[in-house]
Amino acid sequence: MNQTILQILFLDNPEIPAEIASFCNSLPKYVQAEQEYNQAAQELAGLIGYEQFSRFEEALNWHLAAEARACYLFGLGLRQK
């Protein structure tokens, strides 16, 4: 598929982030998880300081993104068999 079409549909579409947020906020388990995370994050940042917490959160997010990508790539490999 044409890269420009995909970019227009997904990357350049200003409505998508709001639609995703609306969808996520309609899921009770997502809302609960977000509230619990925010509370725990505030508590931890209060204990270790914002700068240290920010470094931890950045490393955690990078790790989770790498893990999600690995799971996705693993799934692609299963479909090829």
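Which element of the protein chain has the lowest mean pLDDT, and which the highest? After that, please turn to helix α4 (residues 50–80).

Modeller: The model is a predicted one. Helix α1 (residues 3–11) has the lowest mean pLDDT among the elements, 71, whereas α3 has the highest, 97. For the protein chain the mean pLDDT is 89, and 91% of the residues reach 70 or more.

Glycine 49 follows α3 and has a positive phi, near 95°.

Within helix α4, glutamate 51 and arginine 55 are four residues apart, which separates them by about one helical turn. Their side chains meet in a salt bridge, with 3.0 Å from N to O, and a search of the whole structure finds one such bridge. Glutamate 51 is exposed, because its relative accessible area of 59% is over 50%. Arginine 55, at 46% relative accessibility, counts as partly exposed.

Helix α4 also holds phenylalanine 53 and phenylalanine 56, three residues apart and thus separated by about one helical turn. The count of aromatic pairs comes to one. The ring centres of phenylalanine 53 and phenylalanine 56 lie 6.4 Å apart with the planes at 45°, so the pair is tilted. Phenylalanine 53 counts as buried at 6% relative accessibility, while phenylalanine 56 counts as partly exposed at 43%.

Terms used: Residues numbered from 1 in each chain as written. Predicted model: local features only at pLDDT ≥ 70, side-chain atom pairs only at ≥ 80, totals over all residues. Heavy atoms only, no water. Phe/Tyr/Trp six-rings, centres within 6.5 Å; stacked < 30°, edge-to-face > 60°. Helix = DSSP H or I, 4+ residues; strand = E, 2+ residues; numbered from the N terminus. Buried < 20%, exposed > 50% of the residue type's maximum accessible area, 1.4 Å probe, protein only. pLDDT = per-residue confidence, 0-100. Salt bridge = Lys/Arg side-chain N within 4 Å of Asp/Glu carboxyl O.
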